[in-house]
Structure formats: C-alpha cells, structure tokens
Amino acid sequence: MSDLERELERLRPSNFPVDRRTLNDNELWWSGHFEYLKDHGYMMRPRYRPGWKASFKAGILAALASEDGQNMLHPFVMDALRISDSYMVAMKKVKVSTGEANIASFFSNKEHNTNSRNHCIRVLEVLPVPGNDDEKILVMPWLRDVMDPRFRTIGEAVQFFKEMIEGLQYMHENNVAHRDCARNNMGMDANSMYTRQYHPIEPKKRYNWSGRALHHSRTRCPPRYYFIDFGRSEMYDPKEPRRLEYALKSGGYTPPEGDADIPCDPFATDVYILGTMIRASLLDGGTYVPRPGVHGFEFLRPLVNDMIADDPSNRPTMNEVASRFSTIVGNLRWWKLRSRAVQKDEFLTTPFRALYHIFWTASMMLLFKPAIPVPKGLP
C-alpha cells in the first residue's frame, strides 16, 4: 500500500468498508432489497445488484477510480434510477416514529405540491419495508450540494437565498419548524444545468463514468433549491400556543439558546440557523467546515446580524426576514447582480476570470437571461 493510500485509509469515514470489494452492513441491507425495489420501478447501480463482483483490485485508489467502487455516502440513503424515465432518485429509509415521513408527505400533498413557495423536497412515493412496520422508504428526487458548482454571480446566490428564505417562511406559515435548516440539509435540483446525468457519489463525473459531467451556469439554466431531512422537524397545532423547544446543534453550530440550555420558540431558532448559514456560506466563510467567504455580499450583513442575535426575542420573524430581503434585493442595480462572485482566497487568477466574465455576461444578456435566475416551472 502506498503512502497516499495509507493516508486515504486514515481519513476514511467510518461507514466506508475497509475493502470496497465487499459491501458493508448498510449496503447489504439495500442490495438485499434489490428485487423489491426493481419491482417497484427503481434500479440501483451495478454495485448493489445480485451477483456483483468488483471490477477493481484491492486498494482505495483502485476503488476511487472505478464506478462500482463508489459506495453510498449515508447509511439510510440510496441512489437509484427510475426505470420508466432514468430519473435519478434518492431512497431514504426512515423510522415511522420520527414523523419525518408525515411532514415530508404533508408538503408533497395536492394542496402544497404545486405551490411555488414550497421548497420542501417532494416525496414521489412512499414504500413499505417488507417485514418491518416500523420503517418506510421515501422516494425523492436526488439533489446535489447547493454550493457545487460554485455561484458565478451575485444574482445566482441571491436566487438561492430567496428560495431558502421563502421556503422556511412557507414552513412556518404552515406551523412547521424545521429545527435543522443548515446548509447540509439543503439541496439543489440541478438536472436543468446538466446535459448528461452526473454521478450521485462522484458528481464531477457522468453517471456512466465515461467522462466529466459538463454543466451550464445557474444563470443560463436555473436550478431549484429545497430543504431536506425533516427528522428533527415538528408540526404544531395552530389552535394551541407553540411549545418551546431546546435548540439543537445544526450544521456544526449551536444557537446561543442551545448553549444556555434554555427552551425557546423553535421558529426563532430556525431564523438563527438560516442566518448562520448565510453568514458561514458566503459572508464570512465557515469555521466548522473551513471555506473562504465571497466578496460582494455585505448588503446582507445588517439583516444577517439581526437573524443571529443572541436573544431569540430580538430576531425577526421569517415574514420580516422575507420582507426585508425583498426590499434589499429590489434596491440592487443590475450590474451588481451580474457581477462575479469572487472567492476571498482567490488572487492570481482574478484578472483572467474577470476578463472572461465580461464576455460571458454579455452572452447571457444577449440571451435575455435575467440577472436573478428564474427556474422554469415546478418539478
């Protein structure tokens, strides 16, 4: 084993098998349900099909270079293609007792499904788990990291913030607190951006492992953004006072009321988590997951500072956040929205990228693409 392979093994997440030529316990559960899922219209990758034999030799580098060496990222979430149209889906095994299936299904019903302000991931189908009444399988669209690829313009990031603010406001209007609305529980439906399907585990590659997955910009082919993972979410009776909750660590950050171990309004905690996401993703960069900030977003600083106020009672409601955000964005000039989102750690390549951005911006204007992307229709 080479020094690089030893280092990769040292950094290997605990849910990765030591030898990827064998399936771990979680993978075995899914592969054991291959025929059941196929009968319901979903085809898992070759790695999880009956009789699979690894196409690669031992060693982490060989596994990383092979399509069938890509194992699942989350023990309860499996990717698959819908057989009828090759649409990529996520299948999530959930406990019935958590209520996640109920909340996810609630926002996917006829009343909410077609509402453009609803940014909760849609449940396409709910499957029972054979022989286990305590679990269900939620079938949903497969989403990718909201920051991958990076935002090219200020306007592209404004679209993302607008949809997340709008989505959390919609949840609160329907008496639901997400309680874990950090960046890791947001996803992007980027199918419109990609000319060919990307791989769910190695998204820079094509699904069939035949090369790089090329994509259009968000400005040219706007994606849609969604909240996911309602395992900690709570739905409240609108006829009763909303009960206070103890805040939970979310996205690596604990709200002040969580550190103080004081129960408070869960809607106010949601506001803090969303504000922290905006601050850590673009304004200042992250500390829990180190990443640089991005220049050009200081216009959001006053609003974000209010959202992350130490005292929950001093934070704005989501209705107030949405109203203030709309006013702020409405005062931005077109050239500001079309300006390049420059990483704070970018230096040597800045002049070249700036020059290219001028020509790219001109091409987008000639195509009549708005400065703030507008997604087409609903999923």
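1. Among the residues that line the second largest cavity, four are nonpolar, three polar and one charged, where Ala, Val, Leu, Ile, Met, Phe, Trp, Tyr, Cys and Pro count as nonpolar, Asp, Glu, Lys and Arg as charged, and the others, Gly among them, as polar. These residues are T153, T219, R338, W360, T361, M364, P370 and A371, and the cavity has a volume of about 40 Å³. On a 1 Å grid over the protein atoms alone, a cavity is a set of points where a 1.4 Å probe fits but cannot get out, a pocket is an open set with protein on both sides within 12 Å along at least five of seven lines, and lining residues have an atom within 4 Å of a point. Grid points are joined across faces, edges and corners, and a volume is the space filled by probe spheres set on the points.

2. The model is predicted, and local features need pLDDT of at least 70, side-chain atom pairs count only at pLDDT 80 or more, while totals for chains, interfaces and linings use all residues. Residues are numbered from 1 along each chain as its sequence is written, and side-chain values use heavy atoms, with hydrogens and water left out.

3. By the cavity rule there are two cavities of 30 Å³ or more. The largest cavity holds about 50 Å³ of space and is lined by R179, E245, Y246, A247, L248, P266, T269 and D270, a set that divides into four nonpolar, one polar and three charged residues.

4. The largest pocket has a volume of about 1400 Å³, and of its 48 lining residues R183, N184, N185, M186 and I228 are the closest to its centre. Elements that give two or more residues to this lining are β2 (77-82), β3 (87-95), β5 (132-141), β7 (186-189) and α9 (266-283), helices (H or I, at least four residues) and strands (E, at least two) being DSSP runs numbered from the N terminus. The largest share, six residues, comes from α9, and the lining as a whole comprises 26 nonpolar, 11 polar and 11 charged residues.

5. R183 also forms a salt bridge (a side-chain nitrogen of Lys or Arg within 4 Å of a carboxyl oxygen of Asp or Glu) with D145, the closest N and O atoms being 2.9 Å apart. Because R183 lies in the loop between β6 (176-177) and β7, and D145 in the loop between β5 and α7 (154-173), the pair ties together parts that are 38 residues apart in sequence. R183 counts as buried at 18% relative accessibility, whereas D145 is partly exposed at 35%; buried means under 20% relative accessible area, exposed over 50%, and partly exposed in between (1.4 Å probe, protein chains only).

6. The second largest pocket, with about 420 Å³ of space, is lined by 18 residues, of which R150, F151, R152, R340 and R353 lie nearest its centre. Of these residues, R340 forms a salt bridge with E346, the closest N and O atoms being 2.6 Å apart; E346 is buried at 11% relative accessible area, and R340 counts as buried at 17%.

7. R122, in the loop between α6 (110-113) and β4 (125-129), deserves a separate remark. R122 is buried yet has no salt bridge, and the nearest side chain of opposite charge, E163, is 9.1 Å away. A polar atom of the R122 side chain does, however, lie 3.0 Å from the backbone oxygen of N118, and the backbone oxygen of C120 is 2.9 Å from a polar atom of that side chain.

Methods: Lys and Arg count as positive and Asp and Glu as negative; His and the chain ends are not counted. A polar contact is a pair of N or O atoms within 3.5 Å; within protein, one must be able to donate a hydrogen and the other to accept it, and residues adjacent in sequence count only if both atoms are side-chain atoms.
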